Structures are given as structure tokens and as C-alpha cells.
Amino acid sequence: MQKPTIYITRKIPEHLLDPYRERFHFRMYHEERKPIPKDMLYEEVLEADGLLCLLTEQIDEPFLRHAKHLKIIANMAVGYDNIDVAAAEKYGIVVTNTPDVLTETTADLTFALLMATARRLVQSSNLIYQNGWKEWSPFDMVGTDVYGKTIGIVGMGRIGTAVARRAKGFDMDILYHNRSRNQEVEEVLGAEYCSFEELLERADFVVSLLPLTEKTAKKFNKEAFERMKETAIFINVSRGGVVDEDALYEALKEGKIKAAGLDVFAKEPIDSSHPFTKLDNVLLTPHIGSSTKETREKMLTLCLDNLDNYFYGDGALTPVTKNKK
Ligand code: GLV
């Protein structure tokens with residue numbers, strides 16, 4: 001069999017490809033920090049049997065229809081809302097994601113963001129850079145306690161479970177809301193299942209780990225923020241699209257909630273012109289949930305293993321489409 005051609009939509013470290021070079025012909029976009037232009041991707045995909053892409057690529061129905069040879073798309077993310085999975089299934093194209101390998105790293109970032117927001121770490125650091133620290137005083141940069149508080153996790157999958165384990169270590173009460181009950185977190189961590197509305201009313205920290213779907217789009221809306229405590233802190237590390245950002249801005253500005261730590265945004269990237277940057281009760285990070293060298297390499301390797309198993313084994317390892325072959 002002729003070596004399958006794999007197109008990679010961003011420049012990734014060459015050494016990660018070495019173990020697979022005998023089996024694949026790789027082509028790769030030359031930029032590391034810029035997404036591939038759409039017309040170039042349209043052209044390149046015509047020759048490709050497999051695609052390794054990122055969440056910056058919108059893989060829609062017209063693209064899938066156009067990609068005549070394409071058999072598999074390995075998306076370097078656990079979320080896959082950038083891909084029209086139903087259309088891929090219609091054209092017999094397998095889609096894979098990268099679960100598990102990023103779970104703990106993303107849970108670490110979630111907790112880091114939660115703690116940094118509660119204790120105002122970035123504002124405190126900035127105070128020094130801006131020569132604002134004149135004297136020690138009792139109520140300077142006061143934050144909010146984390147230990148012993150109530151965390152409400154919306155979306156209790158793998159990452160939610162890993163966040164709950166961290167919360168347990170901080171002696172927090174754990175509430176969660178999910179499509180289905182999660183026995184593990186209830187039995188092992190003592191987490192309590194409740195409705196979305198009840199969670200919003202009771203949690204000191206509301207953490208969104210919801211995937212973006214038609215059902216979850218803008219789930220955190222005006223009404224949701226109004227239900228939260230005035231002292232509540234909102235953390236989002238899943239997708240910006242699950243939040244009505246205008247409503248969140250208003251809630252933060254009007255003091256309806258205390259603060260927010262956000263790693264994801266409805267339209268990325270954002271810059272210093274974004275309204276959130278005008279608020280001093282928000283901590284913003286540029287979608288770095290899984291961003292450690294170890295984890296990003298594992299995610300790419302899982303993409304390559306998915307391609308390898310699809311073409312040379314029993315089928316893709318972590319498909320999100322019904323078929324894996
Ligand atoms: C990142 O956001 C991912 O879905 O892996």
C-alpha cells in the first residue's frame with residue numbers, strides 16, 4: 001500500500017513525527033503561531049488521506065464535501081465543536097479527539113485559575129510592578145478563602161472529576177450538575193448531584209466544564225448569573241460559547257457576582273480592547289488549559305497514534321464519530 005498522506009495544519013516539532021515517518025508521508029503548514037489560511041487548507045486537503053488539525057480550524061460541511069480523499073481527522077483537542085461531526089459521519093470520515101492525556105493538566109489550570117482569582121494573584125503582582133505597594137496594611141488585596149468553601153462543577157466528566165479530587169484536598173463541599181450521575185464522584189469524593197439552578201444558588205465557586213453544543217450554548221446567561229451569590233466566583237475553562245459574555249460583563253460590573261477567571265472566550269483570540277480587560281475583578285488567560293510541554297506533546301502523539309491505528313491497525317483509538325475505521 002502507498003504511504004497515506006497526512007496534512008498537519010500547524011508547524012509542530014519534527015521529532016514527534018520521527019516514529020511514524022516510515023508509514024506516512026507528512027506535509028505540514030510552515031507557521032507555528034498562525035492558523036493556516038482557508039484557501040491553502042482547501043488546496044492541501046485535496047491530496048490528504050488524513051488531517052491533523054487544531055481547534056483553530058473550522059471543519060464544516062462544505063470543507064468535508066470538498067475533501068474527496070479524506071478518511072480521518074485527528075483533532076488536537078478534547079473538545080471538537082470546531083468540527084461538524086454529523087457531516088463527517090455522512091461522508092464516512094472518522095473524527096478523533098484527545099481525551100485523558102490532558103485531564104490532569106487541565107484540572108491543574110482550573111484550580112490555578114480558581115485560586116488566582118480568589119486570592120487576586122495577578123492584581124497583587126501588578127501592584128508591585130505599578131509601584132503601588134507603599135505599606136503593608138490589613139485589608140490590602142484581600143481575597144476570598146478557597147478551603148472549606150462550596151465548589152459547583154457544571155459538567156462532571158473526566159476533567160470535572162479531576163477538579164473534584166483537587167477540591168476534596170481543600171476540604172471543599174462539592175456540588176455537581178451533569179447530564180448523567182457520576183457514581184465515582186458521589187461515592188469516593190462525597191459530591192452531591194443537584195440541578196443547575198440549585199448549584200448556582202449554593203456554590204461559592206461555579207466552575208464550567210461544559211462542552212459546547214447546541215444545548216449548552218450561552219447556558220450561563222443573565223438569569224444564571226442572577227441566581228449566583230453576590231460573593232460567587234465564576235471559572236470557565238471549557239468553551240467561551242457556553243457563556244453569554246454580555247451578561248457576564250454586566251454581572252461583574254454591577255457586582256452581581258464577585259469575580260471571574262476565564263481561560264476561554266466566545267471568539268478567540270481576544271486582546272486588550274475586549275470589555276473584560278476593563279474590569280478589575282476578572283483574570284484572563286489565553287486558552288492554556290492543557291498547555292504544558294508534556295501534555296501538548298502527548299496530545300500530538302495521540303493524534304498520530306489515532307492516524308496510525310486507523311490506517312494500519314483496528315481503527316482509531318479515540319473516535320468521536322460512530323465508526324473508528
Ligand atoms: C482545549 O480546549 C481542548 O478541547 O482540548
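**Ligand, cores and domains**

Mentor: A polar side-chain atom of His287 sits 2.6 Å from an oxygen atom of the ligand, a polar contact, meaning a pair of N or O atoms within 3.5 Å. Keep in mind that this is a predicted model, where local features need pLDDT of at least 70, side-chain atom pairs count only at pLDDT 80 or more, and totals for chains, interfaces and linings use all residues. Residues are numbered from 1 along each chain as its sequence is written, and side-chain values use heavy atoms, with hydrogens and water left out.

Trainee: Which residues are around the ligand?
Mentor: Leu55, Ala77, Val78, Gly79, Leu102, Arg239 and His287, where being near takes a heavy atom within 4 Å.

Trainee: What does Arg239 do with a polar side-chain atom?
Mentor: That atom lies 2.7 Å from an oxygen atom of the ligand. Val78 uses a polar backbone atom instead, 2.8 Å from a ligand oxygen.

Trainee: OK, new topic. How many residues does the largest nonpolar core have?
Mentor: It has 53 residues. A core here is a set of buried (under 20% relative accessible area, 1.4 Å probe, protein chains only) Ala, Val, Leu, Ile, Met, Phe, Trp, Tyr and Cys residues joined through side-chain atoms within 4.5 Å. Phe26, Ile151 and Phe205 are among those with the most contacts inside it.

Trainee: Which residues does Ile151 touch?
Mentor: Leaving aside residues up to four places away in sequence, its contacts (heavy atoms within 4.5 Å) include Phe111, Val163, Ile174 and Phe205.

Trainee: And how is the chain divided into domains?
Mentor: Into domain 1 (5-101 + 293-312) and domain 2 (103-284), with bounds from an automatic or database domain assignment. Their C-alpha centres lie 31 Å apart. The contact takes 8 residues from domain 1 and 5 residues from domain 2.

Conventions. Polar contact = N/O pair within 3.5 Å; in protein donor to acceptor, adjacent residues only side chain to side chain. Buried < 20%, exposed > 50% of the residue type's maximum accessible area, 1.4 Å probe, protein only.
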